Amino acid sequence: MASKSVLLLLVVLFASLSSLSFSERIIVGDSNHWRFGFNYTDWAMKNAPFYQHDSLVFMYDPPNSTTPPHSVYLLKDLNSFLACNLKGAKLVGSVVQGGGQGIEFVLKKRKPHYFACGEHGGVHCNLGLMKFSVFPIKDSCHG
């Protein structure tokens, strides 16, 4: 009887371990955070692959006399991303939300995600290089 209980316990334990997801919390831009003039497309390519259920954390200071405002938008498609067109984009983080622990965006779906700063009429996106895309792949218990 004891061996059946141990076997059942091992089966339950294995089943629960096999369903675990080892998602990561990734600071966008690493120590550069989310700022004007840093190339986030290069950053994303160097930090790939991204996995489904990973969290992207956008950190930036609230605007003040020396810090321009930043925001985070999820753009609707590739064409919007290439043109830095915010029409139809979803606000992920406003200009005052990036402080402290930052804004966390979980990559829930296996599809392209296009991110950009929406401030100054697209100048931060176009000239400030504040845009990048990721295509999360299936989480295979990375860690």
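An open sheet is formed by 4 strands in the order 4-3-6-7, with antiparallel pairing, where strands are DSSP runs of E of at least two residues and helices are runs of H or I of at least four residues, both numbered from the N terminus, and where two strands pair if DSSP finds at least two bridges between them. Strand 4 and strand 7 (131-134) stand at the edges with a single partner strand each, so one side of each lacks a neighbour in the sheet. Strand 3 (residues 72-75) pairs with strand 4 in the antiparallel sense over 3 bridges, and Leu 74 has Lys 90 in strand 4 as its bridge partner.

The model is predicted, with local features requiring pLDDT of at least 70 and side-chain atom pairs counted only at pLDDT 80 or more, whereas totals for chains, interfaces and linings use all residues. Residues are numbered from 1 along each chain as its sequence is written, and side-chain values use heavy atoms, with hydrogens and water left out.

With a disulfide defined as a pair of cysteine sulfur atoms within 2.5 Å, the count comes to 1 disulfide, which joins Cys 84 to Cys 125 at an S to S distance of 2.0 Å. Cys 84 lies in the loop between helix 3 (78-83) and strand 4 (90-93), and Cys 125 in helix 4 (residues 123-126), so the pair ties together parts that are 41 residues apart in sequence. The torsion about the S-S bond of Cys 84 and Cys 125 is about -75°, so the disulfide is left-handed.

Cys 84 is buried, at 8% relative accessible area, as is Cys 125 at 2% (buried means under 20% relative accessible area, exposed over 50% and partly exposed in between, with a 1.4 Å probe and protein chains only). Cys 117 is likewise buried, at 1%, but the sulfur of Cys 117 is 8.1 Å from the closest cysteine sulfur, in Cys 125, too far for a bond.
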